Structure formats: C-alpha cells, structure tokens
Amino acid sequence: MEDHSVAPEGENESLFDAPLMAEQERMVEAVLFASAAPVTLRDLEARMPHGCNPGEALAHLRKKYEGRGVHVVRIGDTWAMRTAPDLGFLMQKETVETRKLSRAAIETLAIIAYHQPVTRAEIEEIRGVSVSRGTIDQLLEMEWIRLGRRKMTPGRPVTFVVTPQFLDHFGLESARDLPGLKELRAAGLLENRPPPGAMALGDLDVEDDDAQTELFEE
C-alpha cells in the first residue's frame, strides 16, 4: 500500500541540514574578526547558510571568549570583537607632542618663576601689558604653574608659583637653580621694570617664605 501522506509545510524547504553549532560558531567568529564595523544578527543571517542560528552561535562564542584577551561584545543591536578592557593599555602608543609656548607664555612663566608667589596684576605690571586668561590656563594645563596662597591685600588676589613638574622638565632641583638675570635678559625676557616696591629679579629669594609670611594667607 502506497504512502500518500504529505509532509508538514516547511519541513523540506532546505535540501541540506544546517551546519553543526560548532561550525556556526566558527562562521560567526570569522565574520566578526574580519568586519571593520560591528555587525547585526541580520548581517550574520544573510552571510550564513540557510537554517543557521547566529543568535545561539553568538551566545556560545561569547561564553568561550570569556577570560581571554579578546571578548565578543554587544554594542546596541550589533556585535563585535574587542580587546579585553584590562588589556587596553597594550594597545596604547605614547607619542611626544611638541608644544611651543608663545612669547607671552614664556614671559609669564619666567615672571612667575622669578617672582613667586606673584599675582596676575604684578605679572601685568612687570610685562607692561595685560595677561590673557588663555596664557595662564595653558601654563596651568601643562602643570608648570599652580595657584599659590592668597595675598593679604585688598581683594586678597590669588598668587601663582611654579610646580615640581616645571623644575623636573628643566632639570632644576629648585627655583634657586634658575638662570641668572643676565641670562634671562640675553634671551630677551623680562626687560620691563618690576612693580613699585617689588624686589629686582636677581635679588628675589624665591625660597624664603618666612620673609613674606605676613603678606599671605596660610
């Protein structure tokens, strides 16, 4: 007796069985590795043979990569392979960026180094021109100067001093090792007169805090 039964719809749509899950994992791994940008499940379905389940393959693959140098990660609705977070430092490359200071910044830095602690008004008096906020911000960002104690004068203006990073950059043990007044003038810096009542550059003892204690807040 012949069997005239009809197979359920869709049962024989594919002439071939879907690859084993292990093979599907390999396919997903290959696509993720070669893709320059994260891929979606739809992208994976379009690339893989009919009947594959990229979602399940991703779940298995993600688990296998746990604890390894590369992880399978989800980024929104997409997937990608990324370096393990704790190994990110291996991918960084340090470069030395040369940043040239403007003449205004050089003059301001020199005044602070030789007159510290010095206020912005005093810097402007010595230079004979105003000091832009950008100049001060640049020196602060480079960590070559920092805020010092406030001066006990009307308005209690903040002062600026050089930092250990500044001394280290120029190979100085202390501010006492700064070039002398002659060298500074030879470089074309600080040719203006000091503010009224201030000591001359060459006479200022930059490390003698006791002599100026009564002028500043602790």
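Modeller: Start with the term itself. A salt bridge is a side-chain nitrogen of Lys or Arg within 4 Å of a carboxyl oxygen of Asp or Glu. Side chains of opposite charge can pair when their charged atoms come close. The structure holds seven salt bridges.

Some ground rules come next. This is a predicted model, where local features need pLDDT of at least 70 and side-chain atom pairs count only at pLDDT 80 or more, while totals for chains, interfaces and linings use all residues. Residues are numbered from 1 along each chain as its sequence is written, and side-chain values use heavy atoms, leaving out hydrogens and water.

Now the elements. Helices (H or I, at least four residues) and strands (E, at least two) are DSSP runs, numbered from the N terminus. The protein has eight helices and six strands. Their order from the N terminus is α-β-α-α-β-β-α-β-α-α-β-β-α-α.

Buried means under 20% relative accessible area, exposed means over 50%, and partly exposed is in between (1.4 Å probe, protein chains only). Of the 218 residues, 31% count as buried.

Take Glu107 and Arg127. They form a salt bridge, with the closest N and O atoms 2.7 Å apart. Glu107 lies in helix 4 and Arg127 in helix 5, so this pair ties together parts that are 20 residues apart in sequence. Glu107 has 13% relative accessibility, so it counts as buried. Arg127 is buried too, because its relative accessible area is 16%.

Helix 5 (120-127) holds another pair. Arg120 and Glu124 form a salt bridge, and their closest N and O atoms are 3.6 Å apart. Both lie in helix 5, four residues apart, which is about one turn of the helix. Arg120 counts as partly exposed at 34% relative accessibility. Glu124 is also partly exposed, at 25%.

Arg133 counts as exposed at 64% relative accessibility, whereas Asp137 counts as partly exposed at 35%. Back at Glu107, salt bridges that share partners join Arg103, Glu107 and Arg127 into one network.

What lies around these helices? A nonpolar core is a set of buried Ala, Val, Leu, Ile, Met, Phe, Trp, Tyr and Cys residues joined through side-chain atoms within 4.5 Å. The largest one has 22 residues, and Leu109, Ile112, Ile123, Ile145, Phe166 and Leu178 touch the most other members. Helix 4, helix 5, helix 6 (133-141), strand 6 (159-162) and helix 7 (164-169) each supply at least two residues of this core. Helix 4 gives the largest share, six residues.

Look at Ile112. Contact means heavy atoms within 4.5 Å. Leaving aside its neighbours within four places in sequence, Ile112 is in contact with Val118, Ile123, Ile145, Phe160, Val161 and Val162. There is also a second, separate core of 14 residues, which includes Leu44, Leu61, Tyr65 and Met81.

Phe166 has a ring partner. Rings of Phe, Tyr and Trp (its six-membered ring) pair if their centres lie within 6.5 Å; planes under 30 degrees apart count as stacked, over 60 as edge-to-face and the rest as tilted. A search of the whole structure finds one aromatic pair. The rings of Trp144 and Phe166 have their centres 6.2 Å apart and their planes at 70°, so the pair is edge-to-face. Trp144 lies in the loop between helix 6 and strand 5 (145-147) and Phe166 in helix 7, so the pair ties together parts that are 22 residues apart in sequence. Trp144 counts as buried at 9% relative accessibility, and Phe166 counts as buried at 4%.

Last, the backbone nearby in the chain. Most residues other than glycine have a negative phi, and most peptide bonds are trans. Gln116 and Pro117 are joined by a cis peptide bond, with omega about -10°. Pro117 sits in the loop between helix 4 and strand 4 (118-119). Glu143 is not a glycine, yet its phi is positive, near 60°. Glu143 lies in the loop between helix 6 and strand 5, and is partly exposed, with a relative accessible area of 44%.
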